[in-house]
Structure formats: structure tokens, C-alpha cells
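Visitor: Could you walk me through the labels used for this fold? I want the value and the criterion behind each one.
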Amino acid sequence: MKNLYKKIIFCTLLFIFSIAIFLTALELALRSGIIKNRLYNRLACEKELTSPRFKILVMGDSFGYIILDFLSRELKPYKAKILNTADSGMGPFEYAAEMKARGIVFKPDIAVLLYYTGNDLTDVQYNTQNKADFKNRAFNFIRPIIYRLYIYHFYMEERNSLFPKLFDYKKFSKNGIDARMVSLAKSGQVNPWLLELSLKDEDYLLENILIQTEDSIRAWDRTKVLLGQIQALCNKLNSEFVIVIFPSTVQVNKSHYAFYRDLKFNIDETMASSDKPQRLLKEFCEEKKILCLDLLPYFKAEPGKELYTENDDHLNEIGNILSARIIKDFLIKNTNLEANR
């Protein structure tokens, strides 16, 4: 029996060792670019961390990921190295984690956080990390370590293809979502996650834009804590912290109201005149002496242009070009970017 136990222990240890060797080899292959991955392309500039050139760190969600090419073009004359950590599905918890994981290594001259009023608040509100239990405290502690692993990002990159989300389109139809929207979601022309979200919280837009409920107010308080953590790290690294506020399309005009109604989201006409998320953020930035750029007045000054993609809440090419130019001008005026030309 003792020999059997020894064999079991030996085989278990051998299995664990083999897995460790495999994961180490995979991590090295990803880091060296032998296995192509998006993170390797995004973080290639980390190989030149000793370079004296100007360095800019970008944090954000899909808005930041999409605008990268446009912003890079605008900043090209300034020889700035841009490390873009923005990605789809991120929120303030992830922004803080990326600053802890990448920011302390990259040591940026400027750390730019692209805050989207359309969902960053509910990203915090819905996040299970708000629970103060041991599991979440432990995860928050090791999260920056996990974010440094290429394996983690590679898994997240390939997750949808490896384990595709199966949406219940019949359920969407049964719950009153417009048939055309369901059909467009099936064909990939509308993000099916928006349909899923409308079933989860039909007040999603109101929570983000009006910020009137106890849950949304608590989420804002938590958001301020996370933004404060990022600022503290920026101060430690002697990095200029800049927050750029991207408005939701429902704040700019009413062109997408019909789209959201078809998805069964509750719509309040006052959202088109609400700037509460911007006011709260600007008050926070003024108190903490953080540079803040609010894009809402710039967008409203373009009444004849549609800046957002049809049947979606992301910026179209016109909106991205406009935003990138305004961000560049703001950085030139308020930081020492111009001196790097």
C-alpha cells in the first residue's frame, strides 16, 4: 500500500512539474513572439524601457483600444512611445490593475485614462470585486501579477474562439427585443452582449448617466477610490496623470435613442442634457489636482456630424479622428509633450 501511495505522489508531482514546464515554455514563446499574440505587439516597446524618448501609457476599455491608431498618428511627430493597455470589457478595476502591473515597469511621462461615461460606472457597480470577502481581497492582491503574464492575456484573447458564448436569441425575442435587432445581433452587426445586458439591467443607461440610485452612487464612491490609487502610483513614478472623459452617445444627441429603445433599455429624455458624470469627474479632478479633458462640449459643437457607429455605442472614424486631435492638442497645451518634438 505504501508503494502505491508513493507512486501516486510521484505521478502527481511529475504531472505538476510537466504542467509547470509546459506553461513556462508557453509564456516564453508568447513573450518572444514565437507564438503571435496581441499583447506582444502592444508591449513590444517594453524592450526599450531605457530609451529617453517620451513615454505615454493609455488605460481604458474598447474606446481606448479602437482609438490607438488614430492617436498614434497624431502623436507621431512627437516621437512618443505609447503603451496601450486598453482593451474591450475593461473598467476602473482593470485600469488600476494595469497601472500596477504595467505602469510601474513602463514608468510613463504621462498616464492617460480614457473614461467612458457610457459604462465605466456600471463596470464598477456590477463587479463582484466590490464584495469585501477574502476571495476578492486575495484576487485583488494577485491581480497585478496575473496581468504581467502573457498566458493570461493570450487566454483572454482566444477565449471567445475557444469557448464561444452561446446567446439565447429566442429569449431575447420573448423578452420583447425588436426582431430586427435580434437578427442584426445574429449576423454580428449588433453586439449581442448589449442584448444580454438589456435583460440584466434595463436601467443601464440611466445608472451611468443620471447617477441617482444608491447603487450607482456607491459605485461612484468606489470609482473615486480606484482613480485615487492610479493617481498615487503616478505620483510615485513622477508621471503626469490625465483623465479624458468620453461621453455616451445619449449625452451628445438623440440619434441612438431609437436603437436603445429597440433593445428594451429605459430611456429618459433628460439624458441628452445631462452632464452629471462629467461634473462629478471634474470635481474629483479639481480636488485631486488631476488634469482632465471633457470631450462632451467638443462633441456637442459638431451638431451636423454623427460621431458614433450606427447600431453601436462606439465612435466611428469621424469621432475617433476628432477625439485624437483634441487629446493631442490638450496634451500639448497642458504637458511637456511639445518639448519632445
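This is a predicted model: local features need pLDDT of at least 70, side-chain atom pairs count only at pLDDT 80 or more; totals for chains, interfaces and linings use all residues.

Visitor: Why is E2 called an edge strand?
Guide: The open sheet has 5 strands in the order E2-E1-E3-E4-E5, with parallel pairing. E2 and strand E5 (291–294) each pair on one side only, and these are the edge strands. Neighbouring strands are turned by 20 degrees against each other on average, direction ignored.

Visitor: How do you know that E3 and E4 pair?
Guide: The cut-off is at least two bridges. Strand E3 (residues 110–116) and strand E4 (residues 240–246) have 7 bridges, in the parallel sense. One of them links Ala111 with Phe241 of E4.

Visitor: Which helix packs on the sheet and touches E1, E2, E3 and E4?
Guide: Helix H3 (residues 62–75) does; its direction makes about 175 degrees with that of E2. H4 packs on the sheet too, touching E1, E2 and E3.

Visitor: Why are H4 and H12 called roughly parallel?
Guide: Helix H4 (residues 92–106) and helix H12 (residues 214–237) pack at about 15 degrees, with axes 9 Å apart. Angles under 35 degrees count as roughly parallel, so H4 is roughly parallel to H12. Their crossing is left-handed.

Visitor: What makes up that contact, by class?
Guide: There are 11 nonpolar, 3 polar and 2 charged residues. Among them are Phe93 and Met99 of H4, and Leu226 and Ile230 of H12.

Methods. Residues are numbered from 1 along each chain as its sequence is written. Side-chain values use heavy atoms; hydrogens and water are left out. Axes are lines fitted to C-alpha atoms, for helices over the stretch in contact, and angles run from 0 to 180 degrees between N-to-C directions. Helices (H or I, at least four residues) and strands (E, at least two) are DSSP runs, numbered from the N terminus. Angles under 35 degrees count as roughly parallel, over 145 as roughly antiparallel, 65 to 115 as roughly perpendicular and the rest as oblique. A crossing is left-handed if the near helix is turned anticlockwise from the far one by less than a right angle, and right-handed if clockwise. Contact means heavy atoms within 4.5 Å. Ala, Val, Leu, Ile, Met, Phe, Trp, Tyr, Cys and Pro count as nonpolar, Asp, Glu, Lys and Arg as charged, and the others, Gly among them, as polar.
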